[in-house]
Amino acid sequence: MDSSAVAPSTPRWNLDRPFLTGRFHQDTIFTSESRGFIADSFDARLDKAIGCYHASIQELIVIDDLLSALVGIEGRYISIKRVRGKEDTVAFQVDPSMGLTLQESAKRIFPLCESYLLINQFVESRSLSKHGLVNHAFAAALRALLLDYQALVAQLEHQFRLGRLSVQGLWFYCQPMMGSMQALSIVIRKVSANNFIGSTVLNLLQSQAKAMAGDHVVRSLLEKMIQCANAAYLRILERWVYEGVIDDPYGEFFISENKSLQKESLAQDYDAKYWQQRYSLKDDVPSFLATAAETILTTGKYLNVMRECGHNIQVPVAENSKLTSVGSNHHHLECIKAAYDYASGELLNLIKEKYDLMAKLRSIKHYLLLDQGDFLVHFMDIAREELSKKPDDISAEKLQSLLDLALRTTAAAADPCHEDLACCVEKTTLLKRLNTLKDLEISQTVSDSNELEEQLSITGLETFSLSYKVQWPLSLVISRKALTRYQLIFRFLFHCKHVNRQLCAAWQMHQGVRRLDMQGIAISVSSLLCRSMLRFINSLVHYLTFEVLEPNWHVMHNRLQTAKSIDEVIEYHEFFLEKCLRECLLLSPVLLKKVERLKLLCLRYAAAIQRLITSSVDIPTGIVSNGSLETEKYKRLKLRSRSQTLKLAPENASVIESILKFERDFSAELQSLGPILSNSSRAEPYLTHLAQWILGVGKDQ
């Protein structure tokens, strides 16, 4: 090599001074043979073994071969052999006739030669983009390092041509490079063997830098390599946290996107995993981002929601906030936190202000939690005939038209969201529906011995429900799962209201009979039983509405006002629904089944008492309206004639006996429910008031 081609200096491994031995200072040692050996630059091929030469000549030959080996070229007496079975591994061998001292000196330098070959091979193979941007950047940094290394070898060769370099001098200058090149070769072997890309490469470099903590020079070099390799990775990260875009053509980023999950599934699928799994973390998170991985994931998710809404929003970035480097000052973590705060605040404002989340939740509360039930009273009056049919026989279109009529003719017409309401009729009972939802934390399962009978006897009154249309992005909060839980509560409340209406109708019939001064044990017992049943159902409805739904709603409402992110909004809303389900007894099958039996007894009693009174009293056409007697028409009631009553006497007697049986069954169910409630209230304090009311109903009998 010509000295003019040698770089004047290198960043790390410059030749500050030649390392000379006494032999090279003394010209008298150089013979004419040795001077000629240097002069012709060893161009002639020597056929003789190196051991045939004088020790000084051997040293010159070894230095020349070592300088070639340092850049991966075989020498006259130093050869390169591939290790069988390991394509990326080479071994350097020396002529066995070489002096032992020279052999040992050469072998000390061989690891550096092997590292160079390995690194050079890695640079050539990984410079292609198909190996990923991180590998490409890493290879580019290694190429720059190899240029410095080759410049150093050229300087050493120049000193050798001047006759000023010995084997010891060569070792002196090579030794500082040894640790750095070997540390890099360790990383490269692992990357090549496992075909690592992206964050795995960064983590390997990071772990190797930590392992070399005691060697400041090697650690500094590895950290420089990390910075160079990080540059490509940080560009991907910047686009994600500032724009919400995954610009990752080679799958190196630690966030993956599942494009098969669509946002529409949130409003259609109970088990939709869009929000949890559309974007998710991989296992190989870079160590320098491990503490901020969740924040990074969430930031991009928030930006993506706004993009799906048609808002091409980008986090404003100052020049000093760019993620161009990673250092010990954790500036990159501060930039990520600032991006998260901005994205979170913008999305929350968008959902609260533009899409008016609270108005939607209030509307759902009005209809599905029966907060304003005036439309429901009208609907139950005009839809009673249709709801009394079997679920398979009900016309959903007719129910929907009746619901629309009830909404338009009541105060609900003023609600702009009432058009989002729709009817639906389930095919199974509430208990069975609860058992199909495996994600609910139901305390225990109860076998339904009367399941076949219930399936045959259920009507639309037991299976009717309301649905609500929710558009993106509100479906993030009011998802299909959340609506299903609202519907479970609605079905329970709706049926309780139905039972209450039937008992109120029976109570009105009792009042009408009293106006005729009809006296009798059956009527008196029936009146007391009706009053007890009304107190039971009213206590239950009062508990559900004023002890459970209203207080929990206000707690959720206050929390939503102070929520800092959409994830907090989702969390508070889900907590509200879970708490309401539990406190409404829907997650306690034993208690719920007891309550359902009591409601069934109330309905059977209401039907039986109607037969009893109508068999004893003449009711003109039009008096009975929707199963109840209108109060202002009681004056038109009159007793049947004696002959009519005698004809119905056997039937009346059976009805009277059934009323007495209802009284016994109702009392027994209440007495069995009381202890269960009392015991449960110790673990679940919210049942305390309900237990007191239920026990109070029992004491009044």
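**A walk through the helix packing and loops**

Helix 7 and helix 8 cross with a left-handed sense (the near helix is turned anticlockwise from the far one by less than a right angle; clockwise would be right-handed). Helix 7 spans residues 199-211, and helix 8 spans residues 216-243. Their axes come within 9 Å and cross at roughly 165° (axes are lines fitted to C-alpha atoms, for helices over the stretch in contact, with angles from 0 to 180 degrees between N-to-C directions). The two helices are therefore roughly antiparallel (over 145 degrees; under 35 is roughly parallel, 65 to 115 roughly perpendicular, the rest oblique). Helix 7 brings Ser199, Leu202, Leu205, Gln206, Gln208, Ala209 and Lys210 to the contact (heavy atoms within 4.5 Å). Helix 8 answers with Arg219, Leu222, Met225, Ile226, Ala229, Asn230 and Tyr233. By class, eight of these residues are nonpolar, four polar and two charged (Ala, Val, Leu, Ile, Met, Phe, Trp, Tyr, Cys and Pro count as nonpolar; Asp, Glu, Lys and Arg as charged; the others, Gly among them, as polar).

This is a predicted model, in which local features need pLDDT of at least 70 and side-chain atom pairs count only at pLDDT 80 or more, while totals for chains, interfaces and linings use all residues. Residues are numbered from 1 along each chain as its sequence is written, and side-chain values use heavy atoms, with hydrogens and water left out.

Now the whole chain. The protein chain has 25 helices and 10 strands (DSSP runs numbered from the N terminus: H or I of at least four residues for helices, E of at least two for strands). Of its 701 residues, 49% are buried (under 20% relative accessible area; exposed is over 50%, partly exposed in between, with a 1.4 Å probe and protein chains only). Take the contacts in the protein chain with a separation of 6 or more: 74% of them link residues 24 or more positions apart.

Helix 3 (residues 55-69) packs on helix 5 (residues 133-161) at about 160°, with the axes 10 Å apart. That angle makes helix 3 roughly antiparallel to helix 5. The crossing of helix 3 and helix 5 is left-handed. On the helix 3 side the contact uses Leu60, Ile63, Asp64 and Leu67. Helix 5 supplies Val153, Leu156, Glu157, Phe160 and Arg161. This contact of helix 3 with helix 5 has six nonpolar residues, no polar ones and three charged ones.

Next, the region around helix 12. Asp356 sits in the loop between helix 11 (331-354) and helix 12. Its phi is near 50°, a positive value in a residue other than glycine. Asp356 is partly exposed, at 36% relative accessible area. Helix 12 itself covers residues 357-368 and holds His366. His366 counts as buried because its relative accessibility is 19%. The side chains of His366 and Asp371 are joined by a polar contact of 3.0 Å (a pair of N or O atoms within 3.5 Å; within protein, one must be able to donate a hydrogen and the other to accept it, and residues adjacent in sequence count only if both atoms are side-chain atoms). Leaving aside neighbours within four places in sequence, His366 is in contact with Asp371, Gln372 and Phe375.

Pro391 lies between helix 14 (384-387) and helix 15 (396-408). Pro391 is buried, with a relative accessible area of 10%. Its C-alpha is 6.6 Å from that of Val425, 34 residues away along the chain. Beyond neighbours within four places in sequence, Pro391 is in contact with Val425, Glu426, Lys427, Ile458, Thr459 and Thr463. The other loop, between helix 15 and strand 5 (421-425), contains His418. At 14% relative accessibility, His418 is buried. Its contacts are Tyr367, Leu407, Ala412 and Ala413, not counting residues up to four places away in sequence.

Two backbone details remain. Trp472 and Pro473 are joined by a cis peptide bond, with omega about 5°. Pro473 belongs to the loop between strand 6 (464-468) and helix 19 (480-515). Leu585 occupies the loop between helix 21 (566-583) and helix 22 (589-616). Leu585 is not a glycine, yet its phi is positive, about 75°. With a relative accessible area of 1%, Leu585 is buried.
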